Amino acid sequence: MNPMTQQITSWSVSQVAALYELSFPALMARAAEVHDEYFPDGDIELATLLSIKTGGCPEDCSYCPQAARYNTGIEATKLMDLEEVLDAAKAAKAAGSNRFCMGAAWREPKDRDIEKVAVMIREVKALGLETCATLGMLEAQQAQALSDAGLDFYNHNLDSSEDFYGTVIKTREYQDRIDTLTHVRHSGMSVCCGGIIGMGESRRQRAALISRLANLSPYPESVPINHLVPVAGTPLADQPPLDPLEFVRTIAIARITMPKARVRLSAGRQELGRSVQAMCFMAGANSIFYGDKLLTTNNPEAQADLDLLRELGLKIKVNQTTEVAV
Ligand code: SAM
Ligand code: DTB
Ligand code: SF4
């Protein structure tokens, strides 16, 4: 267990729900206090995503443009070649990224997929980038193989509270996600785990998601908080937008309940705009996906993000193994 993230407390759903009921200024002040205490540098981590295998996924995740069953116009591809992945990783490093995250639209990888991704991990790591992968459900020995290849983080999200989960995903159980997270933790890798806000869940269900994340023992080192990107053709395409302040509150509550985690302001940043993003940084977000594309949807242009961070006076995290390249 990483001593950095050892648990000292647990959070009941009611305790987390009570945080949502604080006045907005009181909640923001509390989150900022926790953030200052645990991240006195206040730097922002930059993580770049690459979809190494896009579309054609057999799962039914209602939010996802890559599910084969929805008509979203995404063309299914094979696993990318190593050279193409390395070119993208080199470009990410040159643009100042800290972490390179390889995503695949699989329900679960086959063992031969793990072998190929392991080669990518070794080579990307050799460039001096932190590595992350998100490939779907893993068996224990697959998590171990990725860990042995040098993978630093594995991303696998809970996505929602357990009681809301069945309304968005029916092709796998909540417990399957917990099992994968357990395998990842036991393999020695760091855990990247968060969820999506704005899928029609109630405030109580948002509180239940955060409570579940915060009570993972230890809680994740990285917590991506995604705002739903409604994609035409998916069942959630017409989901009414969430009040942006509710999203900011969720970031603040993630910061308070998981003080040592990197809380990542993830999908949906383009739609949030600069002011709401600035509030999210005040609420304790200290990581973003950086680069013009997420997996299949758009992200703010890299230069716009660098400009925003500079205007807000926020420092960019410097990897111990990475020279400053911005
Ligand atoms: N297939 C793997 C899996 O499901 O674990 C890895 C890739 S999957 C696209 C990774 C995560 O992206 C999902 O768990 C979800 O949190 C997020 N995601 C996918 N579509 C999204 C959308 N439209 N809006 C916000 N987040 C989304
Ligand atoms: C995470 O929590 N969000 C990222 C990453 N982990 C893999 C993915 C967001 C995907 C948004 C929809 C898309 O671009 O396809
Ligand atoms: Fe497949 Fe992952 Fe998309 Fe679900 S979120 S449909 S598992 S790619």
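**Model and confidence**

This is a predicted model. Its mean pLDDT is 95, and 95% of the residues reach 70 or more. One is residues 1-5, for which the model has seven contacts beyond four places in sequence. The other is residues 322-326, with nine such contacts. Where pLDDT is low, the predicted coordinates should not be read in detail.

**Overall form**

The protein has 11 helices and nine strands. Its radius of gyration is 18 Å, close to the 20 Å that the globule rule gives for 326 residues, so the protein is as compact as a globular protein of that length. Along the principal axes, the C-alpha trace spans about 50 × 45 × 40 Å.

**Helix packing**

Two packed helices are described by the angle between their axes and the distance between the axes.

| Pair | Angle | Axis distance |
|---|---|---|
| H2 (residues 24-38) and H10 | about 55 degrees | 9 Å |
| H8 (residues 203-214) and H9 (residues 244-257) | about 25 degrees | 10 Å |
| H9 and H10 (residues 269-282) | roughly 30 degrees | within 9 Å |

Start with H2 and H10. They pack at an angle of about 55 degrees, and are therefore oblique to each other. H2 contributes Phe24, Met28, Ala32 and His35 to the contact, while H10 contributes Met279, Phe281 and Met282. By class, these residues divide into six nonpolar, one polar and no charged.

H10 also packs on H9. Their axes cross at roughly 30 degrees. The two helices are therefore roughly parallel to each other. Their crossing is right-handed. On the H9 side the contact uses Pro244, Leu245, Phe247, Val248 and Ile251; on the H10 side it uses Leu272, Val276, Met279 and Cys280. This contact has nine nonpolar residues, no polar and no charged ones.

H9 in turn packs on H8. The angle here is about 25 degrees, and H8 and H9 are therefore roughly parallel to each other. This crossing is right-handed. From H8 come Arg203, Arg206, Ile210 and Ala214, which meet Glu246, Arg249, Thr250, Ile253, Ala254 and Thr257 of H9. What classes of residue make up the contact of H8 with H9? It has four nonpolar, two polar and four charged residues.

**Backbone details**

Two local features deserve a look. The peptide bond from serine 217 to proline 218 is cis, with omega near 0 degrees. Proline 218 lies in the loop between H8 and strand E7 (222-227).

Where does aspartate 159 sit? Its place is in the loop between strand E4 (153-155) and helix H6 (162-168). Aspartate 159 has a positive phi of about 70 degrees although it is not a glycine.

**In brief**

H9 packs against H8 and against H10, and H10 packs against H2. The contact of H9 with H10 has no polar and no charged residues, whereas that of H8 with H9 has four charged residues. The stretches with pLDDT under 50 include residues 1-5 and residues 322-326.

Definitions and conventions: Residues are numbered from 1 along each chain as its sequence is written. Chains are lettered from A and ligands numbered from 1 in the order in which they are written. This is a predicted model: local features need pLDDT of at least 70, side-chain atom pairs count only at pLDDT 80 or more; totals for chains, interfaces and linings use all residues. Side-chain values use heavy atoms; hydrogens and water are left out. Axes are lines fitted to C-alpha atoms, for helices over the stretch in contact, and angles run from 0 to 180 degrees between N-to-C directions. Helices (H or I, at least four residues) and strands (E, at least two) are DSSP runs, numbered from the N terminus. Angles under 35 degrees count as roughly parallel, over 145 as roughly antiparallel, 65 to 115 as roughly perpendicular and the rest as oblique. A crossing is left-handed if the near helix is turned anticlockwise from the far one by less than a right angle, and right-handed if clockwise. Contact means heavy atoms within 4.5 Å. Ala, Val, Leu, Ile, Met, Phe, Trp, Tyr, Cys and Pro count as nonpolar, Asp, Glu, Lys and Arg as charged, and the others, Gly among them, as polar. pLDDT is the predictor's confidence in each residue, from 0 to 100. The radius of gyration is taken over C-alpha atoms; the globule rule is 2.2 Å times the number of residues to the power 0.38.
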